[in-house]
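Have the sequence and the 3D view open as you read.

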Amino acid sequence: MAPDEPEDLRFDPAWIEELDHLLAPLKRLVSPVSIGIERVPERGPVLLTGNHTIYGLIDIPMLGLELWEKRRRAVRGLGDHNHFAIPVWRELLQRIGAVRGTREICARLFEAGEAVLVFPGGGREVMKHKHERYRLIWKERIGFARMAIQYGVPIVPFASVGVEDMFEIVADADDLLRSPVGGLLRALGIDRQPWFRHGEIIPPLARGKGFGPFPRLERQYFLFGEPIDTTPFAGRHEDREACFARSEEHTSE
């Protein structure tokens, strides 16, 4: 694809049925329950925002399958650029509807009436530290609110519960930096890189709360809040106070 060529965002929802078939055994084990899912509109653009859980590999597909089964919405997840730099993994993500998380792509999806999924905590919220179970780590990120206000799109907040009851973190990024490995990284200057300082590439070492190293599978719960209307802030998407108001309303749900 040429640098100035728009990214192809076409997506075949039929693959969701195939994913549902592939993940049927896991789905039976975690028995997802969706509370308030009727608050997600069945048509028109909408922004779904919620918490990222540790590792981010179990609840995301279950959330997508629940939205497809109960609301017939093929959610388009906004992903970190690093994901799309990895061959094979990139193709898999695109096949299930994920896209690179840019303003331009988000705008195109809204204009096409799509349901967009974003985790404002990003990779840092996946790479949990000790004592951060279910904690939102959004800092001052308000890009999602800015886009929703600019395009007059409702924000539906949700909470994902279950995955972080499966694991116990044994060691996190802070432990690594205090170890001899951390000293080596500092000597090489790697710790001064922005992507490293944010701790977004250091996964925690966790053990399952079941037998041995395996997680004890827990039922997955998805709780959807009332849609947040952004139209009262029309034209104020560059106003940080207006964006923070929408963001804080979400986190208070």
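## A salt bridge to begin with

Let's start with R72, which forms a salt bridge with E17, the closest N and O atoms being 3.5 Å apart. (A salt bridge here is a side-chain nitrogen of Lys or Arg within 4 Å of a carboxyl oxygen of Asp or Glu.) R72 sits in the loop between α3 and β3 while E17 belongs to helix α1, so the pair ties together parts that are 55 residues apart in sequence. R72 is partly exposed, at a relative accessible area of 48%, and E17 is partly exposed too, at 39%. (Buried means under 20% relative accessible area, exposed over 50%, and partly exposed in between, with a 1.4 Å probe and protein chains only.)

A word on the model itself: it is predicted, so local features need pLDDT of at least 70 and side-chain atom pairs count only at pLDDT 80 or more, whereas totals for chains, interfaces and linings use all residues. Residues are numbered from 1 along each chain as its sequence is written, and side-chain values use heavy atoms, with hydrogens and water left out.

## More charged pairs

Side chains of opposite charge can pair when their charged atoms come close. By the rule above, the count comes to 14 salt bridges. One of them joins K27 and E69, with the closest N and O atoms 2.9 Å apart. This pair links distant parts of the chain, with K27 in helix α2 (residues 24-30) and E69 in helix α3, 42 residues apart. Which of the two is buried and which partly exposed? K27 counts as buried, at 17% relative accessibility, and E69 as partly exposed, at 43%. D20 comes in as well: D20, K27 and E69 are linked in a network of salt bridges.

Then there's E226, whose side chain meets that of R39 in a salt bridge (3.4 Å, N to O). Here the link runs between E226, in the loop between β9 and α11 (240-251), and R39, in the loop between β1 and β2, 187 residues apart. E226 is partly exposed, with a relative accessible area of 46%, and R39 counts as partly exposed at 32%.

## The overall picture

Stepping back, the protein has eleven helices and nine strands. (Helices, H or I of at least four residues, and strands, E of at least two, are DSSP runs numbered from the N terminus.) Of its 253 residues, 44% are buried.

The accessible surface comes to about 13,500 Å², and carbon and sulfur atoms account for 56% of it. (Areas come from the Shrake-Rupley method with a 1.4 Å probe; for residues, only the protein chains shown count as cover.)

## The sheet

Seven strands make an open sheet with mixed pairing, in the order β1-β9-β6-β2-β5-β3-β4. β1 (33-35) and β4 (99-100) stand at the edges with a single partner strand each, so one side of each is left without a neighbour in the sheet. (Two strands pair if DSSP finds at least two bridges between them.)

Now look at β3 (residues 76-79), which pairs with β4 in the parallel sense over two bridges. In that pairing G79 stands opposite R100, and L78 has V99 as its bridge partner. β3 also pairs with β5, again parallel and over two bridges, with G77 opposite L117. R76 and L78 point one way from β3, G77 and G79 the other way, and all are buried.

## Cores and a surface patch

The largest nonpolar core has 30 residues, of which L48, L63, L67, L117, F158 and F224 touch the most other members. (A core is a set of buried Ala, Val, Leu, Ile, Met, Phe, Trp, Tyr and Cys residues joined through side-chain atoms within 4.5 Å.) Helix α3 gives the largest share, five residues. Not counting residues up to four places away in sequence, L48 touches V40, L67, V75, V116, L117, V118, V156 and F158. Apart from this core lies another, of 19 residues, among them L78, V99, W138 and I155.

On the surface, L57, I86, W89, L92 and I96 form a nonpolar patch with about 420 Å² of accessible area together. (Patches are made of residues with over 30% relative accessible area and no salt bridge; like charges are joined within 9 Å, and nonpolar side chains, meaning Val, Leu, Ile, Met, Phe, Trp and Tyr, within 5 Å.) I96 is in the loop between α4 (89-95) and β4, and is partly exposed at 33% relative accessible area.

Methods: Contact = heavy atoms within 4.5 Å.
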